[in-house]
Amino acid sequence: MKTQAQLIAKFGNPEINRLPFENKWMKVWIVPADIRKAIPAMPQKIYLNKLIEAPLDKTLRRLIALGLHEEIKTWDGCFNIRKKRGSGGISAHAFGIAVDLNAATNPFRGSVTWSAQFLKVWRDIGWICGADWSAASRDGMHFQWEGF
Ligand SMILES: [Zn+2]
């Protein structure tokens, strides 16, 4: 997993230089209509880091092709300038490179409801799944882009 120093080296520090960060890296992705039709939980627009647009689109389409998209019940956000839960570091959400899904049933340090096949799709494309983290930091709702 990328360290905080690596993320800041690439993107700058969104806590300190928010507007330059947003101007350079963030965009509004209009979620394609066919994805929204298949996954009603997806919003019309997602404000995300440009680097995750293509992999998120690819991941959702592969889930749909495999019939695994039905596991997605709620969209729980992407960009959010905040600290990591349970530590002082900057959250991947502050860089716009993480998304949360099904937060209510996959809470921080709590249960994970995703199927093994669902998680494998995300990993295979290059995401880190918070579901894979050890119990003290497990975050089943959390999918973080690592492919850069
Ligand atoms: Zn998250």
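Predicted model: local features only at pLDDT ≥ 70, side-chain atom pairs only at ≥ 80, totals over all residues.
Reader: Why is Tyr-47 called partly exposed?

Author: Tyr-47, in strand 2 (residues 45-49), has 15 C-beta neighbours inside 10 Å. Being buried takes 20 or more, and being exposed takes 12 or fewer, so with 15 neighbours Tyr-47 counts as partly exposed.

Reader: Which residues does Tyr-47 touch, not counting those up to four places away in sequence?

Author: Those are Met-26, Val-28, Cys-78 and Phe-79. Take Phe-79: Tyr-47 and Phe-79 are 32 residues apart in sequence, with 6.5 Å between their C-alpha atoms. On the scale of the chain, 57% of the contacts between residues at least 6 apart in sequence join residues at least 24 apart.

Reader: Why do Asn-102 and Arg-109 both count as partly exposed?

Author: The same cut-offs apply: 20 or more neighbours for buried, 12 or fewer for exposed. Asn-102 has 19 C-beta neighbours inside 10 Å, so Asn-102 counts as partly exposed. Arg-109 has 13, so Arg-109 counts as partly exposed too.

Reader: Where do Asn-102 and Arg-109 lie, and what is the phi of Asn-102 and of Arg-109?

Author: Asn-102 is in the loop between strand 3 (98-100) and helix 5 (116-125), and Arg-109 lies in the loop between strand 3 and helix 5 as well. Neither is a glycine, yet phi is positive in each: about 50° at Asn-102 and about 60° at Arg-109.

Reader: How do the axes of helix 4 and helix 5 cross?

Author: The axes of helix 4 (residues 53-66) and helix 5 come within 10 Å and cross at roughly 145°; the crossing is right-handed. Helix 4 makes the contact through Pro-55, Lys-58, Thr-59, Arg-62, Leu-63 and Leu-66, and helix 5 through Gln-117, Phe-118, Val-121, Trp-122 and Ile-125.

Reader: How do the residues of that contact divide into nonpolar, polar and charged?

Author: Seven are nonpolar, two polar and two charged. Lys and Arg count as charged, so Lys-58 and Arg-62 of helix 4 belong there.

Note on methods. Residues numbered from 1 in each chain as written. Helix = DSSP H or I, 4+ residues; strand = E, 2+ residues; numbered from the N terminus. Axes fitted to C-alpha atoms, helices over the stretch in contact; angles between N-to-C directions. Left-handed = near helix turned anticlockwise from the far one by under 90°. Contact = placed C-beta atoms within 7 Å.
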